[in-house]
Amino acid sequence: MRLSAAKKLYKSLCFSLCIFAVKPLFLQTMQDSKKLQLTDWLPTTNKEVKIRGWEELDVILFSGDAYVDHPSFGPAVIGRILESYGLRVAIVPQPSVNDNLQDFEKLGKPRLFFGATGGCMDPMVSNYTASKKSRDKDAYTPNGDKGFRPDYATSVYSRILKEKFPDVPVLIGGIEASLRRVTHYDYWSDKLLPTILETSKADMLVYGMGEQPLREIVELLQKGVPFSSLKNIKQTAVLIDQKTEKIPVIKDWEDVTINSHTACLGDKKTFASNFKVIEQESNKLKARRILQEVEGKTLVINPPFPTMTEKEIDGSFDLPFTRLPHPKYDKRGPIPAFEMIKFSINIHRGCFGGCSFCTISAHQGKFIASRSQESVLKEIDKVANMPDFKGYLSDIGGPSANMYKMKGKVQSICDKCVAPSCISPVVCSNLDTSHKPLTELYQAVDKHPKIKKSFIGSGIRHDMLVPEFNKNADPKELDAYTEEVMTKHVSGRLKVAPEHTSDPVLKLMRKPSFKYFHMFKERFDKINIQKKLNLQLIPYFISSHPASEVEDMANLAAETKDMGFQLEQVQGFTPTPMTVATVIYYSGFHPYTLKPTRTPKTKQEREDQHKFFFWYKKENKDWIRNTLNKVGRSDLLQVLLPENNSWKKNKTAHKTAQHTFDDAIPFNKRKKKVSRAPKKKRR
Ligand code: SF4
């Protein structure tokens, strides 16, 4: 209410009196053929607060990202949500921490609380590469400039705020806070760190997607409940001082106590064993409350909210985003992350893949929250009216492109389920994997009068399109989806992520056997030839993942070369907080079995593994020859670097899918000759 009154006040003022007072009141950036006004963004300065006629703010948000008012940018979503509850919200993007800290004081004290987030990515991932080198660019800053986001930004911002305004509550959220909510391994300092609530001194942490907990927090604060007594909001975490406070007893909630932070510091296996509980409770529909002792305090992680309903998620995407960066950046250059997604549409949240190296389900949940077709089309209307839109949508996707509207057939079975993945090791028989709603959505999007073409830029789970793996689905429907994607929604290259070729590594990654990638490639090649599409299949791979030995990488190189790939989309494993793979990396134990599991960790090992991706580079050839000769694998050498090289990129599939290497045999025993399929005429 207050907001719309302020908007009206501002509009009448600027139309009658202040039209020249604040520049730029009317901006060149246009949407829906109407000129946007500065008040269409959340205010970022005192001047912008004043334009709205506000004397006081209810919430001030501090963010490590530049302010892009778009539903894919978390800080903007949180700001818009709070605004929709009638609050006066301002955002201070990328406050400077290298001066007299005036950015933290310039907007004064908010009535309710400060919010702090490191941004859309963990700041350590934004600032450093997998080999811990400083990155040259920050995708969430104008011009890709670096140096605008401190390391461990959430804690840095929160501590400054607590020092300057000790009596104002600080609420932290976003990826960094969410995934560091409990004792975790920090790769960059090579240490176990306690919950970020301890290092940041914040009063409360919201984990996962913030809409539902924020609604409850704001409702209670508006009723006059003091912030300090909000200890049992779902999907939040708090630290309780054991000397002065009691853990609230909540009827209907069960508790589980995990090993204390001190015990984790003392024993790696103890730390590893915590993760199974944390992951299972994060993915359960009826989760327990997690308790952990942290140096005289108790960390209380309340259970998550149920998955958002279609109405709730639509409500979030339908908020009045300008879909543009704040005009203050007009002269600083484009923001790379925004340029990448400005014509893309996110259709769902969550991922039931549960890959060991990935944090999506820990943050967004295992259950899929899908938007309605109407909400997606409404957003497409907005995109289609952007002045520089030429009719091409760059992505209709989500964390995985093809999980839209997928859920359990019998909900009561899912209600009790503790599996971290619905598709590993096999596709759960209770999972409805129909691609029909998604195919229908693509078709509805393509009927939009202003859409010339819509692409799928997000990675597709290719394994779900292989009937031999996805036995739940109608094979004809899977083929129809694959054909729809290939013929209408791929701009030359289809990205998929088999991640490795070694089945033991894939098992640990919670990915299916590589044989299913062969099967998918066969289908891909068939459609490619039949429809004369000339598309490229681009597989993504990871080196140095737990359980991956250099021998596995040699096999990976040979097997993918044998399939006609010269790999480009590859990365070294980065141990980010709150994944199974990171727990294994640090502790040496698998958190579910507590069996020792090795990870290549030294710089040399990691570099060696990576070199195999680039067998075709001149500078790697001698090293590869020596390494393979040394271990008696001249068979692999013959595949990778034969003396008579007649190999060409992108050959089509063999008639029958070949799984050419037996990964279960240790490297030093794999001396048999590589079985090669008969040579086929290339197209
Ligand atoms: S029962 Fe099956 S579909 Fe449901 S959550 Fe568990 S694994 Fe997923």
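Analyst: The residues around the ligand are Phe352, Gly408, Ile413, Cys414, Cys417, Ala419, Cys422, Cys428, Asn430 and Leu431. A residue counts as near a molecule if its C-beta atom, placed from the backbone, lies within 6 Å of it. The model is a predicted one, in which local features need pLDDT of at least 70 and side-chain atom pairs count only at pLDDT 80 or more, while totals for chains, interfaces and linings use all residues. Residues are numbered from 1 along each chain as its sequence is written.

User: How many residues of the shell around the ligand are nonpolar, polar and charged?

Analyst: The shell has 8 nonpolar, 2 polar and no charged residues. Ala, Val, Leu, Ile, Met, Phe, Trp, Tyr, Cys and Pro count as nonpolar, Asp, Glu, Lys and Arg as charged, and the others, Gly among them, as polar.

User: Why is Asp267 called exposed?

Analyst: Asp267 has 12 other C-beta atoms within 10 Å, so it is exposed. The term applies at 12 or fewer such atoms, buried at 20 or more, and partly exposed in between, with C-beta atoms placed from the backbone. Asp267 lies in the loop between helix H9 (261-266) and helix H10 (268-283). Its C-alpha atom is separated by 8.6 Å from that of Ser587, 320 residues apart along the chain.

User: What makes S3 largely enclosed by the rest of the structure?

Analyst: Strand S3 is largely enclosed because 5 of its 5 residues are buried. Val59, Leu61 and Ser63 cover one side, Ile60 and Phe62 the other, and all are buried. Strands (E, at least two residues) and helices (H or I, at least four) are DSSP runs, numbered from the N terminus.

User: How do you know that S3 pairs with S6 and with S5, and in which sense?

Analyst: Two strands pair if DSSP finds at least two bridges between them. S3 (residues 59-63) and S6 (residues 113-117) have 5 bridges and pair in the parallel sense, with Leu61 having Gly115 as its bridge partner in S6. S3 and S5 also pair in the parallel sense over 5 bridges, and Val59 stands opposite Val89 in S5.

User: What makes S5 and S12 edge strands?

Analyst: The 9 strands form an open sheet in the order S5-S3-S6-S7-S10-S11-S14-S13-S12, with mixed pairing. S5 (89-93) and S12 (255-257) each pair on one side only, and they are the edge strands. The twist averages 25° from one strand to the next.

User: Which strands form the open sheet with parallel pairing?

Analyst: That sheet has 3 strands in the order S24-S25-S26. Its edge strands are S24 (493-499) and S26 (570-572), each pairing on one side only. S24 and S25 (residues 536-543) run parallel and are joined by 5 bridges, with Val496 having Pro539 as its bridge partner in S25.

User: What describes the packing of H3 and H8, and which residues make the contact?

Analyst: Two packed helices are described by the angle between their axes and the distance between the axes. For H3 (residues 74-84) and H8 (residues 211-222), the angle is about 35° and the axes are 10 Å apart. Axes are lines fitted to C-alpha atoms, for helices over the stretch in contact, and angles run from 0 to 180 degrees between N-to-C directions. The contact (C-beta atoms, placed from the backbone, within 7 Å) is made by Ile78, Ile81 and Leu82 of H3 and Glu211, Leu214 and Val218 of H8. These residues divide into 5 nonpolar, no polar and 1 charged.

Conventions:
Two residues are in contact if their C-beta atoms, placed from the backbone, lie within 7 Å.
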